[in-house]
Amino acid sequence: MNAVSRRSFVKAMAASGALATAAALGYEAWKPFTALAADDAGSAQTEGETQVIRSACRNCYGRCTINGIVKNGRLVRVEGRPGTYSEGTICSRAFAIPQLVNSPLRVRYPMKRVGERGEGKWERITWDEAWDIIIPKFKEVIEQYGGHTILANNGTGRDQLNISVLQKCFYDMGSVGGFGVGSICKIAGDFVQKTTIGNPCQFTGWNPEDTNLIVMWARGMFSWGYYDWIYIKKALDRGAKLMVVDPRHTAAAAKSTMWVPIRPGSDMALILAIINEMISSGRFDKDFATKWTNSSFLLNDQTGLLLRESDLADGGSKDKIAYWDEGTGSVQFWDTVDLAWSVDDPKPALLGSYDVEGIERRTSLQKLADAAAEWTVEKTAETTWLTTDQVKDAIELYIESSPGTCFTRGQKTDFSDNSSSVSHAFTIMMALAGNYEIPGGNSVKPGTSTKGSALFDAVPPKSAVRQEIEANIDDYSMCPGKAQIYGIRDGVYSAATHALTTGKPFQPRIYWGMNCEPIISCADSLEVAEGLKNIDFSVNVNLLMSPSAELADIVLPAAHQNEIDRIEYPQSGHCWPANHTATIRQPFTEPQGECRDEVDILFDLASRLDIDMTWKDKYDWFNFALKATGMTFEEFREAGEFVDEITYGKHEKGLLRKDMKPGFETKTGKVNIFSEELQRFGWGGIPGYREQPQSPFSDPDLAQEYPYVMLTGGRNHQYFHSEYRESAYMRSIRPFPVVEINPETAHENGVEEGDWVCIETTMGSIKQVAHLTEGIDARVVHCDHDWWFPEKGAQDGLHGAFDSNPNAIIDNDKVFDPAVGTDNFSSMCRIYKSPDGPPEGIFTTPEELSAFLSNGQEDQQ
Ligand SMILES: Nc1nc2c(c(=O)[nH]1)N[C@H]1C(S)=C(S)[C@@H](COP(=O)(O)OP(=O)(O)OC[C@H]3O[C@@H](n4cnc5c(=O)[nH]c(N)nc54)[C@H](O)[C@@H]3O)O[C@H]1N2
Ligand SMILES: Nc1nc2c(c(=O)[nH]1)N[C@H]1C(S)=C(S)[C@@H](COP(=O)(O)OP(=O)(O)OC[C@H]3O[C@@H](n4cnc5c(=O)[nH]c(N)nc54)[C@H](O)[C@@H]3O)O[C@H]1N2
Ligand code: SF4
Ligand SMILES: [Mo]
């Protein structure tokens with residue numbers, strides 16, 4: 001950064017004044033710094049040729065289309081690109097891309113640790129030297145301990161291709177996963193939806209253009225691409241309604257027709273109350289339920305599974321499921337292989353129980369109806385902290401607006417030990433209401449019939465090594481017998497953490513971390529850090545020396561997302577136009593220093609370990625993935641995007657299944673109201689309510705000492721999990737972690753707006769700055785998540801990793817969904833004013849932030 005712009009930056013920071021005090025929380029500071037972000041400091045005054053490069057942002061699942069403005073080979077500004085699904089909208093994180101690309105903190109060369117783990121002492125090495133250290137270690141561990149002792153982690157879905165490549169490469173070594181965030185986020189829910197409806201459609205494919213009602217359930221405002229709000233506004237302008245189910249009065253709640261301020265963790269009660277009312281009043285889509293769900297399938301209480309022909313007759317087929325046919329007055333069968341009924345004009349009974357060879361057999365829907373019956377309005381109100389009127393109104397709004405209601409949710413209902421059941425319950429609610437595959441409802445396979453989904457389907461074939469592991473997963477898994485529905489795809493991080501610290505069921509030997517920050521993002525950060533110190537050998541591929549990178553042996557420099565080529569897909573949470581588009585992400589500039597695309601790094605690793613990746617390199621793979629579009633990658637680059645056609649009723653047209661038969665891509669071919677997989681692996685074949693282990697209801701004694709429910713991680717503009725704490729722009733807008741507290745609760749605890757507050761659980765305490773708001777229940781507080789302080793040294797608690805991050809005080813033992821292994825990010829807590837202000841050593845004045853700015857020279861180091 002040149003002297004003039006640095007001076008004006010510091011002046012602008014000082015002028016904002018209030019920034020140093022928490023009271024302002026930086027929001028007044030927005031204006032002076034917008035200009036700064038827009039023109040990256042290091043090149044603000046560079047003369048010369050300007051290029052505008054078309055690309056996409058990968059800072060969240062939104063994948064907004066952007067242009068990069070490059071001057072003399074240096075990225076100086078990012079802007080939104082109109083005329084695409086994101087309609088030119090971008091958020092502050094995209095504006096900050098130049099600051100990250102050019103950050104002085106960026107790792108630009110391979111580094112080898114020369115001090116103790118966490119001491120922060122590193123030495124620059126060449127790529128060849130790095131491989132000469134890495135490859136023998138891998139070979140030695142595979143030979144001596146087996147590939148299953150190798151852990152790999154790719155963080156949240158930043159890049160689909162990275163994940164596919166990482167999995168291919170590591171599974172072929174025999175690895176079964178690691179701290180994969182999949183077990184905490186989305187993939188767990190996706191797996192449940194895959195088995196119950198065949199596709200993760202709770203997040204996707206909602207079409208506000210036709211809808212009567214948009215239901216946003218546990219879904220944030222700043223989490224999935226802001227252009228969604230343009231579509232929501234269009235829907236509201238047309239007269240559609242918006243229902244927001246969220247304990248906090250979010251910006252979406254403020255715009256809603258109905259805000260349902262549910263008690264955290266009690267969502268299942270309300271879903272079951274809706275289902276109960278639909279079934280008991282007969283106000284559900286009986287035609288859809290009969291034809292396209294397994295509602296009518298009879299149950300075998302002896303096996304706990306569906307009743308099969310083989311249960312009834314020797315030599316009967318396992319593939320034929322019994323139902324009661326009202327036309328013939330007899331038991332008939334649904335063939336799950338041929339996807340056909342055993343009579344020509346089937347009339348399956350949806351509800352009731354039927355005498356089958358002397359034994360009463362309930363239908364699947366009847367079992368659900370019986371279980372949901374207890375969820376009366378009164379009981380639901382008691383359980384959820386809602387009033388009876390709120391419960392009634394929510395039920396009526398949902399039922400009255402269906403069919404033609406669309407649904408979109410976030411992640412928080414996955415953060416529970418009942419997450420698989422909740423995902424299942426949402427699917428059932430939507431299916432019974434007839435809200436799938438119709439105008440205004442949700443599209444089951446977004447972008448899919450479909451050429452655009454090719455990249456997702458373009459996963460390399462499973463090797464013999466992987467097939468062997470999958471067939472004998474309990475011999476290799478870190479949580480044998482559990483989380484089986486989830487498979488080996490990504491590992492369960494709490495199980496990996498325990499394996500690292502206890503050596504049980506085995507001691508992991510190598511850890512490869514890429515695109516992830518487990519110390520910061522996983523619960524019980526201290527245990528994770530202890531575990532990572534225990535590993536024999538570890539490699540971290542990163543942009544920065546993050547807390548987890550500090551514990552590695554080798555750090556490899558990753559190219560930034562806008563320094564590389566990709567086919568990009570808006571991934572989830574999105575309205576229709578985005579869901580049907582693939583767009584180009586291409587480099588604004590060359591990778592700095594010796595940074596490399598991590599897909600290239602993985603192809604390199606694989607080839608050095610003689611692993612056959614199927615495709616020769618990433619371009620070979622891109623071409624394969626794009627085949628259905630008729631374009632090569634270079635043609636796609638030229639075209640810039642690919643848009644699929646949008647169709648409804650895909651289940652009727654045979655567009656949802658690989659065999660092109662009508663139906664859903666599940667084992668029964670139907671939406672599973674009763675799920676055999678969940679029955680085998682989890683909490684039961686139909687959803688049921690379960691109180692979370694730490695709540696004022698389940699542990700009143702604990703609640704005496706720790707009276708508040710601590711929620712964490714509601715997303716904000718500025719940060720993506722642990723990212724951007726090193727961005728002066730972002731830190732100027734949100735300088736400190738914020739805890740939202742109801743004024744009544746604050747006053748009871750002697751806390752005022754802007755105070756540094758200690759939030760304490762049975763595990764310890766952290767510090768955040770108080771923001772008082774009526775928008776949160778007096779029994780709940782909400783903490784920002786994933787804070788660390790890059791301004792602090794590695795030796796200073798791994799850059800302050802445990803000062804303010806709620807994960808430092810959340811137990812990872814309390815919650816474990818048996819089907820998918822999900823954890824939670826909440827706890828009971830108490831609060832009090834910090835006796836000694838902020839954590840030591842963090843930036844508290846705006847002037848200090850200039851240390852995060854580029855001087856324009858780093859990439860020439
Ligand atoms: N308390 C609490 N904790 C939570 C949550 C919560 O709500 N509350 N949310 C959870 C959820 S949903 C998730 S998905 C997890 C997320 O957890 P993670 O995916 O582990 O997320 P990050 O903490 O952002 O880690 C990203 C790391 O990748 C690096 N990085 C960024 N871009 C690149 C790149 O292109 N290449 C490489 N190699 N590295 C890159 C960043 O510098 C950073 O160190 O966090 C979870 N943690
Ligand atoms: N800016 C930004 N964007 C992100 C991320 C980020 O870190 N920063 N992370 C990305 C990732 S990996 C993910 S998984 C998504 C998450 O996406 P979302 O889950 O949509 O994100 P949140 O903002 O956490 O919104 C969750 C909402 O659920 C509410 N909530 C909390 N507990 C409960 C509960 O028990 N029941 C109900 N009904 N509501 C509850 C919270 O108050 C909050 O408003 O965001 C993605 N996008
Ligand atoms: S909403 Fe997400 S994809 Fe869009 S600009 Fe912001 S970070 Fe990037
Ligand atoms: Mo996530």
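Hi everyone, let me start with a contact: an oxygen atom of ligand 2 sits 2.9 Å from an N or O atom in the side chain of Lys 412. I call that a polar contact, meaning a pair of N or O atoms within 3.5 Å; within protein, one atom must be able to donate a hydrogen and the other to accept it, and residues adjacent in sequence count only if both atoms are side-chain atoms.

Some housekeeping before I go on. This is a predicted model, where local features need pLDDT of at least 70 and side-chain atom pairs count only at pLDDT 80 or more, while totals for chains, interfaces and linings use all residues. Residues are numbered from 1 along each chain as its sequence is written, chains are lettered from A and ligands numbered from 1 in the order in which they are written, and side-chain values use heavy atoms, with hydrogens and water left out.

Who is in the shell? Ligand 2 is surrounded by 32 residues, with Ser 223, Asp 246, Asp 267, Gln 411 and Tyr 719 the closest. To be near a molecule or strand here, a residue needs one of its heavy atoms within 4 Å of it. The shell splits into 13 nonpolar, 12 polar and 7 charged residues. For those classes, Ala, Val, Leu, Ile, Met, Phe, Trp, Tyr, Cys and Pro count as nonpolar, Asp, Glu, Lys and Arg as charged, and the others, Gly among them, as polar.

Where does ligand 2 lie relative to the domains? Domain 2 (213-447 + 664-681) and domain 3 (700-852) both contribute residues to its shell, so ligand 2 lies between them. The domain bounds come from an automatic or database domain assignment.

Now for ligand 1. Lys 412 turns up here too, with an N or O atom of its side chain 3.1 Å from an oxygen atom of ligand 1. The side chain of Asn 542 places an N or O atom 2.8 Å from a ligand 1 oxygen, and a backbone N or O atom of Ser 521 is 2.7 Å from a nitrogen atom of the ligand. The protein covers 98% of the 920 Å² of accessible area that ligand 1 has on its own.

Around ligand 1 there are 31 residues, and the closest are Thr 156, Arg 158, Ser 521, Asn 542 and Glu 598. By class, that shell has 11 nonpolar, 12 polar and 8 charged residues. Ligand 1 lies between domain 1 (111-175 + 459-476 + 509-563 + 586-618) and domain 3 (700-852), because both give residues to its shell.

On to salt bridges, that is, a side-chain nitrogen of Lys or Arg within 4 Å of a carboxyl oxygen of Asp or Glu. How many are there in the whole structure? The search finds 46.

Take Arg 106 and Glu 563, whose closest N and O atoms are 2.8 Å apart. This pair links distant parts of the chain, 457 residues apart: Arg 106 is in the loop between helix 4 (97-101) and strand 4 (111-113), and Glu 563 in the loop between strand 20 (554-557) and strand 21 (566-568). Helices (H or I, at least four residues) and strands (E, at least two) are DSSP runs, numbered from the N terminus.

Are these two buried or exposed? Both Arg 106 and Glu 563 are buried. Buried means under 20% relative accessible area, exposed over 50%, and partly exposed in between, with a 1.4 Å probe and protein chains only.

Lys 650 and Glu 437 form another bridge, at 3.2 Å between the closest N and O atoms. Lys 650 is in helix 27 (residues 650-653) and Glu 437 in the loop between helix 16 (419-432) and helix 17 (454-457), 213 residues apart. Lys 650 and Glu 437 are buried as well.

For a local case, Asp 604 and Arg 608 meet at 3.9 Å, N to O. Both lie in helix 24 (residues 598-608), 4 residues apart, about one turn of the helix. Arg 608 counts as partly exposed because its relative accessibility is 31%.

Finally, Glu 277, Arg 283, Glu 396 and Glu 400 are linked in a network of salt bridges. Thanks, everyone!

How values were computed: Areas by Shrake-Rupley, 256 points an atom, 1.4 Å probe, with all protein chains shown as cover.
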